[in-house]
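Please consult the sequence and the model displayed below.

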Amino acid sequence: MRKLTALLTVGALALSVGACGKKNGSASSDKELVYTSSWGADEPQGKIIKSLADDFTEATGIEVDLKFVGRKGTDTLPTEMNAGQGPDLFDTSTDSVGPFVAQNLAAPLDDVLAMKVPGEGKPVRDVLPRSVQQASSAEDHVRFIAHTVISTAVWYDASKHPGLAPRTWKEFIAYLDEAKKEGRTPLGQDGTVNFYNAYWFYSALVRSEGAGSLGALAKDPAAWDRPAVLEAARKVEQLADGGYFQKDFMATKYPAAQDAWAQGTYDLNLNGTWLAAETGAKLAEGTEVASFQLPAGGKDSVEVGALGWGVNAKGRNTEAAKKFLAFALQKKYGEKISTVAHNIPARPDVPAPDYLAGVQKDVAGAKHTHRTYDDMASDKNWWNNVFLPLDDQLLSGKIDAETFVRDGKKKVTDYLADKG
């Protein structure tokens, strides 16, 4: 999961979906559907998709030409889709929907929301929460149908720290100080992964100020003058200066820090909902993985990202693809997302694995939500060349909060001028 999401969140459109397998032109009737998947056939999600495709064919008579190409088999997909030679159905996510829409490749799927889920008598819109529909939308249309919810949280071992849930930043720092006092390392960080480092500032700002607050920093230099930006930067500065991370954390290579967290070497790790599944084989005996949201105050917005299926706007068999999507939303397949893939199902009436129950509850109860990285990882130039290097300097303690804001404003001014 982390490997897939990492490719998506760096904004690499071509790496965020399945590549073309069979050419569109060879699927000439509504009794055949071409689907290429960015999962591997042996991955849990791949096995779920294969079972789903087989069931769909048995129930409808529509054959599914299913190709598993993995994350790196995708380089030519946008070109092929633009040429009318792409698949009917492909894997996509919150992070890639914008670029697909910009190229007119993601078909609007509002009509799928009105379709009945087979055997349940409910329309798709009634089994997917509004927050998930919003995470799957762009340009006022639903653009993909989600099967999995992803989010970010602070992870800990509830067997050692039962009920840990600081509600304010002051309480959070008090916990970190107490851990240091007792000789523990409070925070583990794989510092060579810059988009993991970004979790701290991004979460502190967007959880407090809500959707669009990080995105504004790439669009208007004046946005850097907002008090909330400096406040979020000061929180990160406080972490950098407080000695809460492991020694030389900025040189730590993934997955060393998260594996050490799994072994109990570090108390906390700020990471995605895939963390426990990734570290499962390395978790110390008796570990009870649990989570809480980084306390930032304000709106307490919760990240809601999603993985799911998109329909090629230039595909030959879009109606068959849409039938597949309504079929795929049956509760029994959502249960496999939980029990086989060990992720949070998009359907809130399907319980997530125990260690993800807290995040599922956070998502369901959130009054305010935002998408992963506030949608800014898709602006590759700003994300990779402006924001991430500056953020690394802040987290590493090389610059203070005031310098972060001043330099950020200057860099964005130059960035926008270069864009014209």
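Tyr35 stands opposite Leu89 in strand β3, and β3 (residues 89-93) pairs with β1 in the parallel sense over two bridges. Two strands are said to pair if DSSP finds at least two bridges between them; helices (H or I, at least four residues) and strands (E, at least two) are DSSP runs numbered from the N terminus. The model is predicted, so local features need pLDDT of at least 70 and side-chain atom pairs count only at pLDDT 80 or more, while totals for chains, interfaces and linings use all residues. Residues are numbered from 1 along each chain as its sequence is written, and side-chain values use heavy atoms, with hydrogens and water left out.

**Sheet and strand β1**

- An open sheet of six strands has the order β2-β1-β3-β12-β6-β13, with mixed pairing.
- Its edge strands, β2 and β13 (344-345), each pair on one side only.
- Strand β1 also pairs with β2 (residues 63-68), in the parallel sense and over six bridges; the bridge partner of Glu32 in β2 is Glu63.
- Together with helix α2 (residues 44-60), β1 and β2 make a right-handed β-α-β unit, right-handed meaning that, with the strands pointing away from the viewer, the path from the first strand over the helix to the second runs clockwise.
- Strand β6 (residues 144-150) and β13 run antiparallel and are joined by two bridges, with Ile344 in β13 as the bridge partner of Val149.

**Burial**

- Six of the six residues of β1 (residues 32-37) are buried, so the strand is largely enclosed by the rest of the structure; buried means under 20% relative accessible area, computed with a 1.4 Å probe on protein chains only.
- In a regular strand, side chains alternate between the two faces of the sheet.
- Both faces of β1 are covered, with Glu32, Val34 and Thr36 buried on one side and Leu33, Tyr35 and Ser37 buried on the other.
- Leu109, in the loop between α4 (94-102) and α5 (110-113), is buried with a relative accessible area of 0%.
- The C-alpha atoms of Leu109 and Ala313 are separated by 10.0 Å, although the two residues are 204 residues apart along the chain.
- Gln189, in the loop between β8 (185-187) and α9 (194-209), counts as buried at 2% relative accessibility.

**Pocket and cavities**

- On a 1 Å grid over the protein atoms alone, a cavity is a set of points where a 1.4 Å probe fits but cannot get out, and a pocket is an open set with protein on both sides within 12 Å along at least five of seven lines; lining residues have an atom within 4 Å of a point.
- Grid points are joined across faces, edges and corners, and a volume is the space filled by probe spheres set on the points.
- The largest pocket has a volume of about 450 Å³; of its 23 lining residues, Ala165, Arg167, Phe292, Gln293 and Asp362 are the closest to its centre.
- Elements giving two or more residues to this pocket lining are β10 (289-292) and α15 (357-365).
- The structure holds five cavities of 30 Å³ or more, and about 140 Å³ of space lies in the largest cavity.
- Of the 17 residues lining the largest cavity, His147, Trp309, Ala328, Tyr333 and Ile337 lie nearest its centre.
- Helix α2 gives the most to the lining of the largest cavity, with four residues.
- The second largest cavity holds about 60 Å³ of space, and α9 supplies the largest share of its lining, three residues.

Notes:
Buried means under 20% relative accessible area, exposed over 50%, partly exposed in between (1.4 Å probe, protein chains only).
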